[in-house]
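The two exercises below are meant to be worked through with the sequence and the coordinates side by side. Try each task before reading its solution.

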Amino acid sequence: ETGVTQTPRHLVMGMTNKKSLKCEQHLGHNAMYWYKQSAKKPLELMFVYSLEERVENNSVPSRFSPECPNSSHLFLHLHTLQPEDSALYLCASSQGRTRGVDTQYFGPGTRLTVL
Amino acid sequence: ELKVEQNPLFLSMQEGKNYTIYCNYSTTSDRLYWYRQDPGKSLESLFVLLSNGAVKQEGRLMASLDTKARLSTLHITAAVHDLSATYFCAVGDNNDMRFGAGTRLTVKP
C-alpha cells in the first residue's frame with residue numbers, strides 16, 4: 001500500500017462504546033496529524049505528533065486519546081463520545097517536523113457516527 | 001491568531017467559463033497550500049506556494065500568491081465538470097497551519 005491509509009472507513013458507535021481509529025503512513029514521514037472535519041466547519045486540527053512525540057493538543061476533549069507507537073502509525077482512541085462528535089476524521093502526514101512548513105498528505109478518512 | 005477566509009463558499013458555474021476563488025489570511029506567511037476534496041474522499045494536494053509572486057499552473061487551474069496583500073487566488077479557466085469538488089486553501093507558518101472553510105465548486109453543463 002502507498003500513501004496514508006486509515007481504518008475503518010466507516011464506524012457507527014454508541015455513546016458508551018470504546019473504539020479506535022487507525023492510521024498508517026507509508027511515506028517515510030516524520031510528522032502525523034489527526035483532523036476533524038464536520039459539516040459547515042473548517043478543518044480542525046486535533047493532534048500533532050512529530051517523531052512520535054505529541055507536540056500539540058488543541059484543547060481536544062479527553063474522550064479523544066491519541067497514541068503514536070512509531071513514526072508510521074497513529075491511533076485515535078474513542079470513549080464515551082457524544083453525538084456532536086460525529087464527523088469525518090482525517091489523518092495526515094508530512095515530511096518535516098514543523099507543522100506549517102511541509103505539504104500534508106491526507107488519508108481517506110473515517111466517517112464516524114455516534115448514536 | 002492565524003485566520004483564513006475563503007470566498008465564495010459556494011460557486012456554481014457553467015462549463016467553459018472562468019472564475020476565481022479567493023483566500024485571505026490574517027498574519028504574515030509565505031507558505032500557502034491549495035487542496036481539492038471530492039465528495040466522500042480525502043484532501044488532495046494541488047499547489048504549494050512558497051514566496052511572494054509565486055504562480056503555479058496545472059491544467060485549467062492556476063494559483064498565485066501575494067504575501068503583501070495576504071491573498072492567494074485559484075483561477076479556473078474554461079471549467080469542465082471534472083473540476084467539481086471542494087477547494088481548500090491552507091496557510092502555514094512555523095508554528096501553525098490553518099485551513100479555510102472551503103469553496104464548493106459545481107460545474108454545470
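**Exercise 1.** How many bridges join strand β9 of chain A to β11(A), and do the two run parallel or antiparallel?

*Solution.* The model is a predicted one, and the pairing is read from it as follows.

1. Between strand β9 (residues 87-94) of chain A and β11(A) there are 3 bridges, and the two strands run antiparallel. Within this pairing, A:A87 is the residue that stands opposite A:L112 of β11(A).
2. Turning to strand β2 (residues 10-13) of chain A, one finds 4 bridges to β11(A), here with a parallel course. A:V12 has A:T113 of β11(A) opposite to it.
3. The faces of strand β11 (residues 110-114) of chain A can now be assigned: A:T110, A:L112 and A:V114 make up the covered face, whereas A:R111 and A:T113 make up the uncovered one.

**Exercise 2.** Determine whether B:Q6 counts as buried or exposed, and then list the backbone nitrogens that its side chain reaches.

*Solution.*

1. B:Q6 is located in strand β1 (residues 4-7) of chain B.
2. Because its relative accessibility is 7%, B:Q6 counts as buried, the cut-off being under 20%.
3. The side chain of B:Q6 reaches the backbone nitrogen of B:C89 at 3.1 Å, and a polar atom of that side chain also lies 3.1 Å from the backbone nitrogen of B:G102.
4. Leaving aside residues up to four places away in sequence, B:Q6 touches a set of residues that includes B:Y22, B:C23, B:W34, B:Y87 and B:F88, with B:C89 and B:G102 also among them.

Technical notes:
Residues numbered from 1 in each chain as written. Chains lettered and ligands numbered in written order. Predicted model: local features only at pLDDT ≥ 70, side-chain atom pairs only at ≥ 80, totals over all residues. Heavy atoms only, no water. Buried < 20%, exposed > 50% of the residue type's maximum accessible area, 1.4 Å probe, protein only. Pairing = 2+ DSSP bridges. Polar contact = N/O pair within 3.5 Å; in protein donor to acceptor, adjacent residues only side chain to side chain. Contact = heavy atoms within 4.5 Å.
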